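Here are my notes on the model you asked me to look over.

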Amino acid sequence: PGRGDLKGPRLCTYNGRVAIPCCEGGLMEYDVIISGGGPAGATAAYYLSRFDVNVLVLEKSSFPREKVCGDGIAPRAVRNLYRMGLRERLDGRFNKFHGFRFAGAGRSMVETMIPPTPRFPDHGYIIRRSDFDKILIDYARENGAEVRENCRVTGPLVEGGRVVGVRAVRDGSEFEVCAPVVVGADGPHSTLGKKMGLLVNDPLYLGVSIRQYFEGVEGIGDYLEVYPDRAVSPGSGWVFPVNRDGLANVGVGAMLYHIRRDGIDLHEFFDVLINRTPFVAPKMRNARPVSPLRGALLRVGLGGSLVECPGMILIGDAASMTNPVSGEGITYALETGEMAAQHILDSRYKSGAFHIDPEEDSFRRKLLDRYQHYFNHGVMSIKWGNRTSFMRPLLAFTSRNDYFRRYLVRSLMYLKH
């Protein structure tokens, strides 16, 4: 067996190099272990591998695989993907959108194009996660990352309060892998984050969404459509065009504190959205579901995770990096994946070895410095502003004011930095 044979015993050499003992009964065969091969984990693996870091990605599923998501790739995320060199893999293959529609709090419809800026493209994409995640993980592989699918991480290996590796299961057999740095990119239910006490289950920073794919949806194409309709208030619905032929991702979501306070049944909200709302129901009159209705937990605004402990950092959904205003997480998965790679590389440059210690160099502090101001405003705006009495006059005013239409899009998509 070789270095990648995770089902067999660990070997003492790799390419003629002696593996370094790292924990009782274990060998350090990798510089970085990443749990989770979604956008955050794949992006971190890509950037690290480009700098000849020995990276192992453990993914519990096999690609391509479904993931509950709105499938929207916002302009800010597109900028990051183009910087990674992925433009040719996206252009012409997936539906682009160039604008937004907002309606439902009253009779006003706000329709606006993405404002041109020197920093961001004037478009986004709608890409099903089964396609998008495979593109990213394949790209990480091509650039040198080792990826093991159908490997479920069951917990961290901890010595002296420091994470030194992970325990995982593949084909019914348990194994352990060690590394000086572990990255948890394992989603909002993060096993690693939970085991290390890093997840914060505060309803203020938790949301729930459900979505279903439909064929035969009418009047869609070039717009992301968002519907804060009073019939689903204080939640919000969406219709995102997967293609120009009537295939759409349709869903509804709400914050957990609103769900608990108002006794909201999201399945009922979903039924109301597609059958009884003035803007969405007409689009759905001839539509047919082509997937099950599935749901997901959202950790938003950096408040649902402590992010780090000695030897380990969390990124993406595990780090509570979903946008509290838009519910969008792809942008922040890509950005925290890149930031994590830089953070890990910095540790090598500073000390000559890979070393993660929050007291010496806090990754969470870097996230707060970059996102806290925007996220805090977003959390409060959803808590106090996501109600019909506020949204109706806001959308009515915005529909008549070009400046505020552009401002609404820039705010929703965080088109700065």
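The points below go from the whole protein to single residues.

1. Ground rules. This is a predicted model, so to speak of a local feature I need pLDDT of at least 70, side-chain atom pairs count only at pLDDT 80 or more, and totals for chains, interfaces and linings use all residues. Residues are numbered from 1 along each chain as its sequence is written, and side-chain values use heavy atoms, with hydrogens and water left out.

2. The big picture. The protein has 11 helices and 24 strands; these are DSSP runs numbered from the N terminus, with helices being H or I of at least four residues and strands E of at least two. Of its 417 residues, 59% count as buried. Buried here is under 20% relative accessible area, exposed is over 50%, and partly exposed is in between (1.4 Å probe, protein chains only). The accessible surface comes to about 17,300 Å², and carbon and sulfur atoms own 50% of that; areas come from the Shrake-Rupley method with a 1.4 Å probe, and for residues only the protein chains shown count as cover. As for contacts (heavy atoms within 4.5 Å), take those with a separation of 6 or more: 72% of them join residues 24 or more positions apart.

3. Strand β6. Have a look at β6 (55-58), which is covered on both faces. Side chains in a regular strand alternate between the two faces of the sheet. In β6, Val55 and Val57 sit on one side and Leu56 and Leu58 on the other, and all are buried. Strand β5 (residues 32-35) pairs with β6 in the parallel sense over 4 bridges, with valine 32 opposite valine 55. Pairing takes at least two bridges found by DSSP between the two strands.

4. Glutamate 59. Is this residue, glutamate 59, buried or exposed? It is buried, with a relative accessible area of 4%, and it is found in the loop between β6 and β7. A polar atom of the glutamate 59 side chain lies 3.0 Å from the backbone nitrogen of serine 61. Leaving aside neighbours within four places in sequence, glutamate 59 touches Gly36, Gly37, Gly38, Arg65, Arg148, Glu149, Asn150 and Cys151.

5. An open sheet of 3 strands runs β7-β11-β8 with antiparallel pairing. Its edge strands, β7 (72-73) and β8 (95-97), each pair on one side only. β7 meets strand β11 (residues 124-126) over 2 bridges, and glycine 72 stands opposite isoleucine 126. Helix α2 (residues 75-83) is mostly covered, with 8 of its 9 residues buried; among them are Arg76 and Arg79. Glycine 85, which follows α2, has a positive phi near 95°.

6. Most residues other than glycine have a negative phi, and most peptide bonds are trans. Two cis bonds to check: phenylalanine 63 to proline 64, with omega near 0°, and serine 233 to proline 234, with omega near 10°. Proline 64 lies in the loop between β6 and β7, while proline 234 is in the loop between β18 (223-227) and β19 (236-241). Then there are two aspartates with positive phi. Aspartate 52, at about 60°, is in the loop between α1 (39-50) and β6 and is exposed at 70% relative accessible area. Aspartate 171, at about 55°, is in the loop between β14 (162-170) and β15 (173-178) and is exposed too, at 58%.

7. Arginine 299. Arginine 299 lies in strand β22 (residues 294-299), and its side chain reaches the backbone oxygen of glycine 304 at 3.0 Å. Beyond its neighbours within four places in sequence, arginine 299 is in contact with residues including Pro188, Tyr205, Asp317 and Met321.

Note on methods
Polar contact = N/O pair within 3.5 Å; in protein donor to acceptor, adjacent residues only side chain to side chain.
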